[in-house]
Structure formats: structure tokens, C-alpha cells
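Welcome! Here is a short tour for anyone meeting this structure for the first time. Have the view open as you read.

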Amino acid sequence: MTGIIFDIRKSTIHDGPGTRTTVFFKGCPLQCAWCHSPQVMDPQPQLVWSDDKCVRCGLCIDACPNGGHELVADGSRVHHQEQCTLCGACVDVCHADALVMEGREVTVEQVMAELKRHLPSSEDSGGVTLSGGEPTYQHKFALALLKQSRSEGLHTALDTSGQTPWRTLKKMLPHTDLVLFDINQMGSADPKQHTGMPNGKILTNLTRIGESGVPIVIRIPIVPGINDSREAIENAAACLADVKNITRILLLPYHELGEAKYGRLNRDAYKLNDVEPPEPERMREIAEWMRPCGLDVHVG
Ligand code: SF4
Ligand code: SF4
């Protein structure tokens, strides 16, 4: 059983209770315009090149068995993606760190071994969080990791957008102690416009998770001009008030950290260049609009 992950990060403090280790899966069915980790959208590993770090030494050209790199006369560098088998040989020789392989294939056993190295042995060890990307996109691998983590006594959290078949979530919930539910657009007229998908399945799944009894922490990115109107926030609050087992709502201010990554990944251009992160005062105001729903609302 193998899966493609982007990273395993230790000592994370925002992905569930305690100090945790978070496994970031590759692959996501949504295409949120504000995604700060576009490198996890693609389910496969990706070779990423940084122009500003490259010193044009040409070592990658010699290292590639498939003619995947080329330096042309004007000094620009071309990556022939269609010839690349993602073997990683060029990454190994690039001393300037201009080439990075985003993503790697791992077995359940390899992830568990890393988790055990990372997790503190003390009782406040938070546990493991599966995040992404969308962990349910590789549902068999995610389920195997949840089961194995549970069997080793670890607290398990699943960070999901809910954009996945219910039958998938249903299998995972018995092995999940906490769901971190990321609502990427709620309360606006056209969720599909900025995430690539409608909200129907997401909201139905949220209701069903609530009925399952697994506690839920809701995380909502607040993106100025997209979902921060009073009407959108109050609509979202009204929907969430009807969902069972929500323990808290975290409102996360939009930030621009992902912007620079889009060009390096050959993705469509970043679309939110003109959007400024919301001020703390604005976030507090939005939280106040949501509080009448009776839930525990915080700014993250
Ligand atoms: S090995 Fe690295 S620094 Fe040298 S040309 Fe290739 S990408 Fe640039
Ligand atoms: S990853 Fe392997 S095949 Fe792809 S460009 Fe680098 S050396 Fe060539």
C-alpha cells in the first residue's frame, strides 16, 4: 500500500489538539483560487525549478538520462516535461537547490516509522493529522494510515474539504477522533466560481459527519471580496448552527503566501493579486457576525 505525500511535518500546533505530526497528501479535487499550497493540488510528484536560484551550471543537463533539461543560447533554461520520468537524478546534483521534487511515494510503514520518530513520547503528544491537499483523494492509503495510527494508540485527525463521496468518509470516521472541516466557500451565491466545485456534496457530508458523533472543528478562510460580506457570513452561520457536534469555528484570514508558487508550478496565473489580507479588526468584526449562531467562534 503506497501513497503520494507532499511532506510530513512535526510539531504542528494548528492541526488538532496538542503538538502533532501532520502528513500532507498530494491531490485535491478543489481548485481554490486562494490556495497557499498549490503544489499539493496535483496528485503526482512534480519537479519544480526556481529561476532565481539557478546558476546555469548545467549539471542537471548532464545528469538527466532523458534529455529533460536544456540551456538555450540566451541563458534561459527549458524543462522538457514530456521527457521527464521524475527519477530525481537532476535534483540530487543541483547544489543550488534550484530543483526540488514536490511529492514522494511512500508506504504506510514508512510513514508510521517517521511518525514514531517525530512524535514526542510524553503524554501531551497530540497525535497525527492527515491533511493535504485532500487526504480522501487517496482514500485507501488514508484509511490504512488512520487504522494503523489508531492501533498504535495515536489520536487521529482528518483534515478534509468534504469534497469526496460519503461512502469514503463513512469508512474513515470510525478511525477518526476529530474532523477538521475546511469550508472553502460558504454563504456566497456561486461557490463553484472560486473553487471549481459546487458546495452541495460538501454540505451534505458535513451534516452526516455531525450525525456520526465525531467532533468537528470548522475552518473557514476569509477572503476579502469573495466570502467576507455580512450576508455571506450570516448565511454560513445559519447553516452551521444546524450541524451537530461542531466544537469550534476558526476563521482564517486570507494571506498571499502561495502567490509566488504558481509560476514555478506552471499553473494558471494566480488570480487574487489584487486581494489584500484582511486586517485583524475586520476579522474580529466578521467573528462577531457569526457568533449569534451560538457556536464557539475564533479568529485563527
Ligand atoms: S543543476 Fe541546478 S543550478 Fe545547475 S543549471 Fe541545473 S537547475 Fe540550474
Ligand atoms: S527528474 Fe529525472 S528524468 Fe526528470 S528532468 Fe530530472 S533527471 Fe531528467
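Helices and strands here are DSSP runs, numbered from the N terminus. By that numbering, Asp-177 lies in the loop between α5 (166-172) and β10 (178-182). Please keep in mind that this is a predicted model.

- Is Asp-177 buried, exposed or partly exposed? A residue needs 20 or more C-beta neighbours within 10 Å to be buried, and Asp-177 has 19 inside 10 Å, so Asp-177 counts as partly exposed.
- Leaving aside residues up to four places away in sequence, Asp-177 touches His-155, Thr-156 and Ala-157.
- Asp-177 and Ile-233 are separated by 56 residues in sequence, and their C-alpha atoms are 28 Å apart in space.

**Helix α4**
- Helix α4 covers residues 139-151, which makes 13 residues.
- Which residues of α4 are buried? They are Phe-141, Ala-142, Leu-143, Ala-144, Leu-145, Leu-146 and Ser-149.
- Just after α4 comes Gly-153, with a positive phi of about 80°.

**How α3 and α4 meet**
- Two packed helices are described by the angle between their axes and the distance between the axes.
- Helix α3 (residues 108-118) crosses α4 at roughly 45°, and their axes come within 10 Å.
- The two helices α3 and α4 are therefore oblique to each other, and α3 passes α4 in a right-handed crossing.
- On the α3 side, the contact is made by Val-108, Val-111 and Met-112, while α4 brings Ala-144, Leu-145 and Gln-148.
- Sorted by class, the contact of α3 with α4 has five nonpolar residues, one polar and no charged.

**How α8 and α10 meet**
- Helix α8 (residues 230-241) packs with helix α10 (residues 280-290) at an angle of about 45°, and their axes are 8 Å apart.
- That angle makes α8 and α10 oblique to each other, and their crossing is right-handed.
- Which residues meet here? From α8 come Arg-230, Ile-233, Glu-234 and Ala-237, and from α10 come Ile-286, Trp-289 and Met-290.
- The residues of the contact of α8 with α10 include five nonpolar and two charged, with no polar ones.

How values were computed
Residues are numbered from 1 along each chain as its sequence is written. Chains are lettered from A and ligands numbered from 1 in the order in which they are written. This is a predicted model: local features need pLDDT of at least 70, side-chain atom pairs count only at pLDDT 80 or more; totals for chains, interfaces and linings use all residues. Helices (H or I, at least four residues) and strands (E, at least two) are DSSP runs, numbered from the N terminus. The expected span of a helix is 1.5 Å times one less than its number of residues. A residue is buried if 20 or more other C-beta atoms lie within 10 Å of its own, exposed if 12 or fewer, and partly exposed in between; C-beta atoms are placed from the backbone. Axes are lines fitted to C-alpha atoms, for helices over the stretch in contact, and angles run from 0 to 180 degrees between N-to-C directions. Angles under 35 degrees count as roughly parallel, over 145 as roughly antiparallel, 65 to 115 as roughly perpendicular and the rest as oblique. A crossing is left-handed if the near helix is turned anticlockwise from the far one by less than a right angle, and right-handed if clockwise. Two residues are in contact if their C-beta atoms, placed from the backbone, lie within 7 Å. Ala, Val, Leu, Ile, Met, Phe, Trp, Tyr, Cys and Pro count as nonpolar, Asp, Glu, Lys and Arg as charged, and the others, Gly among them, as polar.
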